[in-house]
Amino acid sequence: MTITKSLTIDGGGGQVASVLVLGTNGIVVAAGPTDVVTLRNLRINGIVSGANGGIDGIHYTSAGDLHVENCYIFGFKGDGIKVGTTAAGALFVTDTFLTNNKNGIEIAPSASNARSTLVRVQAQGNSQDGFLLDPSNAAGASTIISDSSAAGNSAGIAVTGGKLFLGNSVVTKNNLGVSITGGSVLSYKTNIIDGNSGGDGTPLPSTPLN
């Protein structure tokens, strides 16, 4: 499915709508610069077990805003959600669970102004990273992760560029807690980063709450 204009897809409060994907992306968002796309109450299944399994659950290439709300995205050999925007855009993810993908969410825009806000998002049991911040335009990408968790991944959070604001979140029981090889990270006192089997990772700069 490819979305090219403002659109809301809502599976209903019982989360009865689902997308089953083989050999391609589940939903591609390729809308206009002022368009707003909302994906709500969906189960997106990539059937990761075979070579023909799904690539990315949601692949965001363009749109003014993309909202992902109360979704369950699993079984993709790529990313549960992939941000690959080439122009300004914004991703908002709330109350969403990502598991058994390669990366739970990969934020890898080349845009000069790309913003992402992840609230109450759980990335668990992904083979690589729970949250991967990998923008090619490092100075132009900022991400907020709040009230979220990363557990059972290879790395809970990996940052190679951009700016991350991390608050009120839990990173535990990953092979590595947090990996920072570029960009900047502000970690607030409300985080729990502990109990990762291979170490909790890069020491985070602590910013006190005001």
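Biologist: Which residue of strand 14 is the bridge partner of Ile107?

Modeller: This is a predicted model, in which local features need pLDDT of at least 70, side-chain atom pairs count only at pLDDT 80 or more, and totals for chains, interfaces and linings use all residues. Residues are numbered from 1 along each chain as its sequence is written, and side-chain values use heavy atoms, with hydrogens and water left out. Strand 12 (residues 103–107) and strand 14 (residues 129–133) pair in the parallel sense over three bridges, where strands are DSSP runs of E with at least two residues, numbered from the N terminus, and pairing requires at least two DSSP bridges. The partner of Ile107 in strand 14 is Leu133.

Biologist: In what order do the eight strands of the open sheet lie?

Modeller: The pairing in this open sheet is parallel, and its edge strands, strand 1 (2–3) and strand 20 (176–180), each pair on one side only. The order is 1-4-7-10-12-14-17-20.

Biologist: Which residue joins its side chain to that of Asn70 in a polar contact of 2.5 Å?

Modeller: Asn70 is found in the loop between strand 8 (65–69) and strand 9 (72–74). Because its relative accessibility is 32%, Asn70 counts as partly exposed, a class lying between buried (under 20%) and exposed (over 50%), with a 1.4 Å probe and protein chains only. For a polar contact, N or O atoms must lie within 3.5 Å, one able to donate a hydrogen and the other to accept it, and residues adjacent in sequence count only if both atoms are side-chain atoms; the partner here is Asn41.

Notes. Helix = DSSP H or I, 4+ residues; strand = E, 2+ residues; numbered from the N terminus.
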